[in-house]
Amino acid sequence: MDSRAGRPPPEKGVGLRVSAGQKRRELVAAAVAGLAALLLSAGATSAATDLRAGVAWPRGAAVVSYASENALRAALGREPAVVLRRIPALGIAVLRPPGSPDRFAQRLARLPGITSVEREVARAPYAEPALAPSVLPGGAYQWQYAAVKANLVPEPIQRAAAALTIAVIDTGADLSAPDLAAKAPTAWNIRTRTGDVADGNGHGTFVASLAAGSVTNSEGMAGTGGDVRLMIVQAGAADGSFTDVQEAAAIVWAVDNGAKIVNLSLGGRDTSVAERRAIDYAVGRGVLLVAAVGNEAGDGNPVEYPAALLQPPGSNGVGGRGLAVAASTITGQRASFSNSGSHVSLAAPGENVFGAVSAAAPADRFPRVALPGSSAGLYGFASGTSFAAPQVAGAAALVWAANPSLSAEQVASILEQTASGRGAWNPELGFGVLDVAAAVARAQSDAAPARTLVQLTGIREGRRVTLSWVGTGAASYRLAVTENGVPRVLVPSTTTTSASYSLASGSTYAFTVVALDAVGGETGASRPWAVSRPWAVSLVQAPATVTVAASKPYGPTPSTIDVRATLRSRDPSVTIAGRSLVLESFDGAAWVRASRATTDPRGGARWRFTLAAGSYRVRVRFAGADDLRAAISRPLALAVRRS
């Protein structure tokens, strides 16, 4: 044990092969030189680059984000490549170099105006058609329509929805299906850049019918969106596969062509610059995005994207930029396959739901069911969060039809607050199962959330939280908290609109504010919109790990080495983005801080060294936070040969 308090024992095999008297001086000099190189590279324009060794580049191509068209042209002049796709609105291009994508990515990342170089990220639909039953569940073919109370929406609201458009970004659609043909959809294929959106997979047809299937054609089934207009944007292939770039291009096309609501029944475990920019593009233009949370409850229940970009992990229903939808059963419980967690907004029926089937879809994926009284079209049952999300998208159209003055955020809030939880959130179903009729009634009410919702926000500094809230029409407010699952009232009645409280380490909190009338009663006790959405905070530390890897040295001596560290947590509700990681070098006697970097959304941080010939040892340290434990990577040896 080393006698120096708090200092790990010295490690062997670190320094250069020099005399004992010279060794210490050269090690320190090397560490200082490395630090200077890091600081210099941080100040220069250097793109975030995906440097994972041994990982294939799909299609041999790189996804590049750029600051300007001139920057892209200049980069292609220096590093020629085939341009497979460009999304100018997002500053994204997919480039296929003539040689090694790894070397191309490293060279391109060093050019001015190039902001990131990444691999394409796979996307897949969230469907489990194998769960389709052979017998009728629940006594009615389209049982889910009544389960979400879409049958109780007034007819004038159903007709008024024709002023809005839902875009379904998916595998295309069978436009001859009666319930879709009646809508005369706008159609575009991102892959072929044509209007041919033939659906050989079947997933997109089923999704589109649930969102916007005709309610007036006296045939087949009905979507939840009433007379809402339908837009089909095909991004997926016949096997259901597509990429984040194709998804992003589809979102931009839908927004640019008038979609007010975009349904995304798709996803994967990673996100990307292209996907994040597309979400920003849609949200910035007042579009409501609805995404499925995924069907991997039995496979680790991972956080999946783009849903986690709409309702951030760790948010517990607070805030968000859209709606992340889980699947429920005919009894209103979470479907066994549906993902759950802190990023779920609400749920809708997704187990054994009834919809339209594409004539080109394989019968083993979407088994056909004879529908009595139907003279045309094909129908069947299927399961998945893919089929829960479009019901919420259709409901959003009806809410907007009932109150066109609402913002996308307000529409989302109404759908959440009127779901079966009536304002209470949980990780299984979010705010509960969709209730379309209640949402429409809320939007029609004179007391719409835009005017009466109590909005609660908070700022945490260490173990203290400062809360503030705003509302109208209230004589006073009641402040309550649920601490470690136990509810209690903090302030029975107050006219102030802020408060500050100390927090205990290892505890979780959810604060709420209730608007009170002049005699101390809840303002409309039966109307949950007089209660704020919970503002949650947790001081329970989740376990964390840090790994570190490096590229091979490249260039003449002194050579360049790229180092990448990754911070991970086994708790999917913990956000790993924006964390501070410190890179340390070993000087022969102690670990010395060299540089700091902030993690990206995947928990990655990058450094670039310029080092003289010699041997080095580095590691990466995470100091810990209230919600995440401290962690240190294993030491990594670096060797630079003289050239």
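Reply: What follows is an account of the nonpolar core and some residues in it.

This is a predicted model, in which local features need pLDDT of at least 70 and side-chain atom pairs count only at pLDDT 80 or more, whereas totals for chains, interfaces and linings use all residues. Residues are numbered from 1 along each chain as its sequence is written, and side-chain values use heavy atoms, with hydrogens and water left out.

A nonpolar core is here a set of buried Ala, Val, Leu, Ile, Met, Phe, Trp, Tyr and Cys residues joined through side-chain atoms within 4.5 Å, where buried means under 20% relative accessible area, exposed over 50% and partly exposed in between, with a 1.4 Å probe and protein chains only. The largest such core holds 71 residues, and the members that touch the most others are Leu288, Val392, Leu415, Leu434 and Val436. Helix H11 (residues 389-402) gives the most to this core, namely 11 residues; helices (H or I, at least four residues) and strands (E, at least two) are DSSP runs, numbered from the N terminus. A second, separate core comprises 48 residues, among them Val252, Val255, Ala274 and Ala326.

If residues up to four places away in sequence are not counted, Leu288 has contacts with Lys260, Ile261, Val262, Gly322, Leu323, Ala396, Trp400, Ala408, Val411 and Ala412, contact meaning heavy atoms within 4.5 Å. Ile414, which is found in helix H12 (residues 408-417), is buried, its relative accessible area being 0%. The C-alpha atoms of Ile414 and Val436 lie 9.9 Å apart in space, while the two residues are 22 apart in sequence.
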